[in-house]
Amino acid sequence: HLPQFFAVDLIVLHLAQVRGELTAAQVHDLYNEMLELPGKIEQILETVEPLRALTRSFAKSETVIFIGRNIGYPVVLEGALKLKELAYIHAEGFAGGELKHGPIALIEEGTAVIAILPTADEHQLDEKMLSNIQEVKARGARVIVIAAEGAEVIGAEHVIRIPVASPLFQPVLATVPL
């Protein structure tokens with residue numbers, strides 16, 4: 001059984017098939033992947049203790065910057081919002097493509113930056129996000145990356161691994177460690 005919040009996803013999959021955006025086989029595969037999500041979420045939750053130690057290092061941060069591209073962008077907005085709500089720390093989420101258009105000026109030595117690396121099948125976005133990570137690292141940021149298992153990550157102080165998922169479900173898994 002799927003949790004109730006997946007009901008909207010089921011409707012979306014059905015509508016995508018009706019509109020011809022997805023084949024019946026693709027819908028079937030995505031449905032089966034959806035059935036695996038609770039187990040993948042449990043897998044992430046088992047790694048909470050090391051994350052607690054990592055978050056303690058942010059306790060005195062004045063600002064935390066979140067960056068993501070494509071489906072990672074709404075995830076970083078949610079991450080920044082949750083940090084503000086729960087820890088009363090100034091946090092902002094930015095699209096990785098906009099980093100050079102102002103947000104880069106906020107990065108200084110020791111600034112905490114959390115980046116969402118897209119799934120491995122979005123290789124071009126991977127390269128662009130890795131470039132963003134290198135840019136903030138060059139300015140002295142402390143970089144934490146949330147990436148799928150097996151994704152190549154360069155320049156991060158810490159990497160939080162999440163199970164591999166299709167782009168449709170990656171935001172669900174990337175939100176858990178946030």
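Biologist: At what angle do the axes of helix α1 and helix α2 cross, and within what distance do they come?
Modeller: In this predicted model, the axes of α1 (residues 7-18) and α2 (residues 24-45) cross at roughly 170° and come within 9 Å. Axes are lines fitted to C-alpha atoms, for helices over the stretch in contact, with angles from 0 to 180 degrees between N-to-C directions. Helices (H or I, at least four residues) and strands (E, at least two) are DSSP runs, numbered from the N terminus.

Biologist: Roughly parallel or roughly antiparallel, then?
Modeller: The two helices, α1 and α2, are therefore roughly antiparallel, a term for angles over 145 degrees.

Biologist: Which residues meet there?
Modeller: From α1, D9, L10, L13 and Q17 meet A24, V27, L30, Y31 and M34 of α2, contact being heavy atoms within 4.5 Å.

Biologist: Turning to the strands, how many bridges join β1 to β2?
Modeller: Strands β1 (residues 63-68) and β2 (residues 90-95) run parallel and are joined by 6 bridges; pairing requires at least two DSSP bridges. V64 stands opposite A91 in β2.

Biologist: And how many helices and strands overall?
Modeller: The protein has 6 helices and 5 strands, in the order α-α-α-β-α-β-β-α-β-β-α from the N terminus.

Biologist: What box do the C-alpha atoms fill?
Modeller: Along the principal axes, the box is roughly 50 × 30 × 30 Å.

Key: Residues are numbered from 1 along each chain as its sequence is written. This is a predicted model: local features need pLDDT of at least 70, side-chain atom pairs count only at pLDDT 80 or more; totals for chains, interfaces and linings use all residues. Side-chain values use heavy atoms; hydrogens and water are left out. Angles under 35 degrees count as roughly parallel, over 145 as roughly antiparallel, 65 to 115 as roughly perpendicular and the rest as oblique.
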